Amino acid sequence: MTDTLTETLFLVTIMQIITATSVLFVWVVRYKNIIQEFEQYNLPSWLRDVVGILKLSFAIMLLIGIFDERFKIIGAGGISLLMIAAFLTHLNVKNPIYKTLPSITLLSFSVIISLSSFM
C-alpha cells in the first residue's frame, strides 16, 4: 500500500514540476507570444500583467509546494482557476482545439495536484 502511495505522490511531484515549468517557460521565455495573443484577443495589457503575476506566483508556489503542502494547494488551485479562464477564452475566440490543449492539460494536472492533498 505504501509503495502505491509513494509512487502516486512521486507522479504528483512530477506534475507539479511540469506544470510550473510550463507556466514559467511560456510567461518568461515566450512572453512576446503572450503579448501577441492578448492583443489578438483584444484583452487589455493590465489584464495580461495581472494574469502574468498570478501565473508566475502560482507556478512558484507549486515548486515550493513540493516541500510545503500549503503552497501546493494554493498554487494548484490558482492555476486551476486561471486555466479555466484560459480555456473559456480560447472557446470564446473560437481557437482550434490544438490551441486549447495546453490549458486543458494544465487544468487537469492542477486538479489532480489539488486532489492529491486530500490523500
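Here's a quick tour of the core, the surface patch and the salt bridges in this structure. Keep in mind that the model is predicted. Its largest nonpolar core has 17 residues, and the structure holds three salt bridges.

**The nonpolar core**
- V23, W27, F38, L62, I79 and I113 touch the most other members of the core.
- Helices α1, α2 (31-40), α3, α4 (69-92) and α5 (97-116) each give two or more residues to this core.
- Top contributor is α1, with five residues.
- Take L62 as an example: among the residues it touches are T19, A20, F71, K72, I79 and I113.
- As a general rule, nonpolar side chains in soluble globular proteins tend to be buried together.

**A nonpolar patch on the outside**
- F10, L11, I14, I17, I18 and L63 make up a nonpolar surface patch, and together they have about 500 Å² of accessible area.
- Helix α1 (residues 2-29) gives the most here, with five residues.
- L63 sits in helix α3 (residues 45-64), and with a relative accessible area of 30% L63 is partly exposed.

**The salt bridges**
- Side chains of opposite charge can pair when their charged atoms come close.
- R70 and D68 pair up at 2.7 Å, N to O, and R70 counts as exposed because its relative accessibility is 58%.
- K72 and E69 meet at 3.3 Å, N to O; both lie in helix α4, three residues apart, or about one turn of the helix.
- K72 is buried at 5% relative accessibility, while E69 is partly exposed at 36%.
- D49 and R48 form a salt bridge with their closest N and O atoms 3.5 Å apart; D49 is partly exposed at 35%, but R48 is buried at 12%.

Terms used. Residues numbered from 1 in each chain as written. Predicted model: local features only at pLDDT ≥ 70, side-chain atom pairs only at ≥ 80, totals over all residues. Heavy atoms only, no water. Patch = residues over 30% accessible without salt bridge, like charges linked within 9 Å, V, L, I, M, F, W, Y side chains within 5 Å. Areas by Shrake-Rupley, 256 points an atom, 1.4 Å probe, with all protein chains shown as cover. Salt bridge = Lys/Arg side-chain N within 4 Å of Asp/Glu carboxyl O. Helix = DSSP H or I, 4+ residues; strand = E, 2+ residues; numbered from the N terminus. Buried < 20%, exposed > 50% of the residue type's maximum accessible area, 1.4 Å probe, protein only. Core = buried A, V, L, I, M, F, W, Y, C linked by side-chain atoms within 4.5 Å. Contact = heavy atoms within 4.5 Å. Lists of a residue's contacts leave out its neighbours within four places in sequence.
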